[in-house]
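Please read the briefing below with the sequence and the structure at hand. The points are grouped by topic, so that each can be followed on the model in turn.

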Amino acid sequence: MNIKGQILAENVVFIILNLIFLTILMLFVFSKMGGEAQLEEKYSKQIALMIDSARPGTMIHLNMEDAFEKAKQNGVNYEDVVSISDNLVNVKLREKTSQSYSFFNDVKVTYEFDSQNQKEYYFFVDKK
Amino acid sequence: MNKIGADKVISVYWFIILFLVAGAVVYIVSEFYGKPYDVREVEANIMVNQVADCLSENGKLIELNEEFRNDFMKNCRLNFKTEFEGEGEYYLEINFTDFPDGKNKVFSDIITGNLNLKEGLLITKDSGSFRYSLKSFYSLAKDGDSEKEIVVKILSIVRKTEKNAK
């Protein structure tokens with residue numbers, strides 16, 4: 001191979017290695033950003049805090065589109081994503097595990113998945 | 001050094017820089033996303049607001065009789081039960097003092113929750129094991145036929161370390 005050909009091949013390898021490196025780095029960052037565990041934690045705490053700050057008679061709509069995407073990928077039913085028992089909010093986006101957070105507001109919470117738009121959960125906060 | 005040799009040296013330095021950048025990004029991302037969201041301060045603030053709403057109606061303190069005190073948790077819609085079996089994750093203290101001095105107690109305190117959290121707060125105000133919120137408001141309280149001015153001070157402490165800190 002002549003010198004010009006050698007320089008070209010080295011540059012191509014160099015560029016490919018750089019691209020692989022950057023791709024791995026971006027994949028790592030994105031996997032950390034939108035992981036199921038992150039979303040489970042975020043939504044369980046968000047729902048618990050919303051219930052804490054709600055007065056009886058409040059109705060809350062929560063858009064959980066990003067969580068539903070993950071649930072679909074992992075084969076979890078949309079209706080099973082959120083569950084509330086006693087004063088514990090449980091969010092499940094993976095088959096085997098889930099995350100929960102408790103709320104101190106002593107109210108009765110009923111919840112429902114919006115099967116029409118497939119994006120939201122409704123929460124009805126009422127007196128016990 | 002000829003041109004090809006110089007290029008190789010540059011590419012070695014380039015990869016060292018890339019690995020340094022990668023290391024920094026991995027460290028920062030792991031630090032940021034590896035820690036749980038700490039929502040305890042928000043939770044403590046919400047609790048203080050809820051208790052303030054419960055104690056005061058239109059700027060006037062409700063009647064703090066024995067019946068109300070005995071059933072305080074139910075009357076103020078509070079439930080300190082959590083998923084953790086133990087001493088308790090919350091502490092709540094309400095003081096009623098005269099206005100404007102705030103030195104003399106007008107009514108006896110209302111205290112509920114895990115007392116160890118208050119002791120922890122007295123020892124160290126800035127601790128990762130709990131977060132707190134302390135707020136006070138002015139109110140009018142019934143004093144026979146007249147009304148007196150008082151200050152209501154509410155302290156709320158939330159532990160929940162396992163769910164909010166690493």
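In this predicted model, A:I51 is in contact, beyond its neighbours within four places in sequence, with A:F103, A:N105, A:V107, A:V109, A:F123 and A:V125.

**Where the chains touch**

- The contact between the chains takes 24 residues from chain A and 24 residues from chain B.
- On the side of chain A that touches chain B, at least two residues each are supplied by α1 (3-33), α2 and β4 (99-102) of chain A.
- Sorted by class, that side of chain A has eleven nonpolar, six polar and seven charged residues.

- Helix α2(A) has 18 residues and reaches 26 Å from its first C-alpha to its last, which is close to the 26 Å expected at 1.5 Å a residue.
- The buried residues of α2(A) include charged side chains as well as others: they are A:E36, A:L39, A:E40, A:E41, A:Y43, A:S44, A:K45, A:I47, A:A48, A:I51 and A:D52.
- In helix α3 (residues 65-73) of chain A, the residues A:A67, A:F68 and A:A71 are buried, and because they cover an arc of only 100° around the axis, they lie on the same side of α3(A).
- An α-helix has 3.6 residues a turn, so residues three or four places apart point the same way.
- On the other side of α3(A), A:E65 and A:Q73 are exposed, whereas the cover over the buried residues of this helix includes α2 (36-53) of chain A.
- After α3(A) comes A:G75, which has a positive phi, near 70°.

**Strand β5 of chain B**

- B:Y132 has its place in strand β5 (residues 131-143) of chain B, and it counts as buried because it has 21 C-beta neighbours inside 10 Å, where 20 or more are required.
- Although B:Y132 and B:V42 are 90 residues apart along the chain, their C-alpha atoms are separated by 9.1 Å.
- B:S133 and B:A44 are 89 residues apart in sequence, yet their C-alpha atoms are 5.4 Å apart in space.
- The contacts of B:S133, leaving aside its neighbours within four places in sequence, are with B:E41, B:A44, B:N45, B:V48 and B:S156.

**Backbone features in loops**

- A:D86, in the loop between β2 (82-85) and β3 (88-91) of chain A, has a positive phi near 55° although it is a residue other than glycine, and A:D86 is exposed, with 11 other C-beta atoms within 10 Å.
- A:Q118 lies in the loop between β5 (108-113) and β6 (120-126) of chain A; its phi is positive, about 60°, although A:Q118 is not a glycine.
- A:Q118 counts as exposed, with 11 C-beta neighbours inside 10 Å.
- In chain B, a cis peptide bond with omega of about 5° joins B:F99 and B:P100, and B:P100 is placed in the loop between β3 (90-98) and β4 (105-113) of chain B.

**Domains**

- The domain assignment divides chain A into domain 1 (1-33) and domain 2 (36-126), and the C-alpha centres of these two domains of chain A lie 43 Å apart.
- Chain B is divided into domain 1 (1-34) and domain 2 (40-164), with the C-alpha centres of these two domains of chain B 54 Å apart.

Terms used:
Residues are numbered from 1 along each chain as its sequence is written. Chains are lettered from A and ligands numbered from 1 in the order in which they are written. This is a predicted model: local features need pLDDT of at least 70, side-chain atom pairs count only at pLDDT 80 or more; totals for chains, interfaces and linings use all residues. Helices (H or I, at least four residues) and strands (E, at least two) are DSSP runs, numbered from the N terminus. A residue is buried if 20 or more other C-beta atoms lie within 10 Å of its own, exposed if 12 or fewer, and partly exposed in between; C-beta atoms are placed from the backbone. The arc is that of the directions from the helix axis to the C-beta atoms. Two residues are in contact if their C-beta atoms, placed from the backbone, lie within 7 Å. Domain bounds come from an automatic or database domain assignment. The expected span of a helix is 1.5 Å times one less than its number of residues.
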